[in-house]
Amino acid sequence: MMIPRIFRFANYETVDFKEYLSKNKIEIHLKRNMHARFLCGHCKSRIKPDKGCYKVEVQHLPLFNNHCYLVFRKYKGHCSSCKKTRSEHINFISKETPHKTKDYSWWVGRLCEISPVSRVAEALDESASSTWRLDYSRMKRMLSNYKIPKATRICVDEVYTRRKKEKGETRDDLFFTIICDLDTRRVIWVSYSRRKEALDEFFLIIGKKACEKITVVATDMHDGYGASVRQYCPQATLVWDRFHIMQQFDDAVNETRKQLHEEAQKGSEEQRLTRGKFRFMFLKKSSRRSSIERQHIESVFEENKQFLKLELVKERMHSFFNARTAEDAYEIFDEIGGWAWQSDLVPLMRWHEFMSKKWSILKNYFEHRVTSGLAEGMNHVIKTLKRKGFGYRNMHYFKLKILQTCGYLNSRYITDPYML
Ligand SMILES: [Zn+2]
């Protein structure tokens, strides 16, 4: 009988094919070629199959919507390296579990790349916990073969991972540090915490030579990351992410609004107009306000000129990142400072004072316009991952899942299950 090629397994002959359609099950019976070498399942040294054998059923890819099993005998022998009786090594059996073939477990892992584990388990008639273990150990194996791709422009960001602290942890431990290649727009590394050491770890792994090739590092305004970049990347320009700069600026605007609100007469119309649902309106760019909001804010300005000044400062800042050169930007920045000081807007004064000291970093944006789109997008993907409930209580699993979803730890880049 002609055996279709898909039923052929190295060193085995297909001898029988049984269908149990009421049980949704197909069996492919294999017989080993006894002349082929026997290797120890543990250390792969040569063994002699002189300790008997036992029958195994190994699950393979489904056939026409039936569960499919390979049925054959597995031989045992004494391994002189292990000094023990061992079962033979069988190449097509998954490293994750002896009950599945490599092809099957690879396919399960691929499905877990695009779908929550619980849904994959449900669709395949598997238990959620064994599917999770398979996915986890497959990713761990991919990680042990992983080489961080070379990058010259990277961005570093922190991602909030969980609420609960373990013993001895601080708030910094509740974050991951995520490192992306700005050119390929993929996550290339994830490390625990948002401390300086988290970024140090990345630089230490890629090594001195790779660090010297890094020309731009975009980060949030966190001191730890900056210190790490200065220590390890002599050629790199540090660029603060504009999204984070605006966030801090918005905080200062909001603080100022609160202050003005508190200074306003209690129970006055002005106080009513500057709190509650209206408070976000002050942070909005004027061109984005609705006509009702515009009317509303006009009446606030009439009541209190300080709000008008706050508005001017905020609008000016929105044009800051559009400046063509660092010099143009400095002019805008200087002007904003002038207004804040003249009008005595204290939180904004403090913000401006701080930023003035950091101008040497702030100005870098106008040389390397690194957008925050990537970091924000990643943040979104990671939040979705968390929502899908990907067993994120295990932080190592969660880290691997980020590298899988946003990086290279997946079957788009590692295409052959036999490669690992
Ligand atoms: Zn051995």
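Phenylalanine 38 sits in the loop between β2 (25-32) and β3 (53-63). Helices (H or I, at least four residues) and strands (E, at least two) are DSSP runs, numbered from the N terminus. This is a predicted model: local features need pLDDT of at least 70, side-chain atom pairs count only at pLDDT 80 or more, and totals for chains, interfaces and linings use all residues. Residues are numbered from 1 along each chain as its sequence is written.

**Phenylalanine 38**
- Phenylalanine 38 is buried, because 22 other C-beta atoms lie within 10 Å (buried means 20 or more such atoms within 10 Å, exposed 12 or fewer, partly exposed in between, with C-beta atoms placed from the backbone).
- Leaving aside neighbours within four places in sequence, its contacts are Arg46, Ile47, Lys48, Pro49, Tyr75, Gly77 and Glu88 (C-beta atoms, placed from the backbone, within 7 Å).

**The open sheet**
- Five strands form an open sheet in the order β8-β7-β6-β9-β10, with mixed pairing (a pair needs at least two DSSP bridges).
- β8 (186-192) and β10 (237-240) are the edges; each has a single partner strand, so one side of each lacks a neighbour in the sheet.
- The twist averages 25° from one strand to the next (axes are lines fitted to C-alpha atoms, for helices over the stretch in contact; angles run from 0 to 180 degrees between N-to-C directions).

**Pairing and packing**
- β7 (residues 175-181) pairs with β8 in the antiparallel sense over 6 bridges.
- Cysteine 180 has valine 187, in β8, as its bridge partner.
- Helix α5 (residues 223-232) packs on the sheet and touches β6 (153-160), β9 (216-219) and β10.
- The direction of α5 makes about 170° with that of β9.

Note on methods
Contact = placed C-beta atoms within 7 Å.
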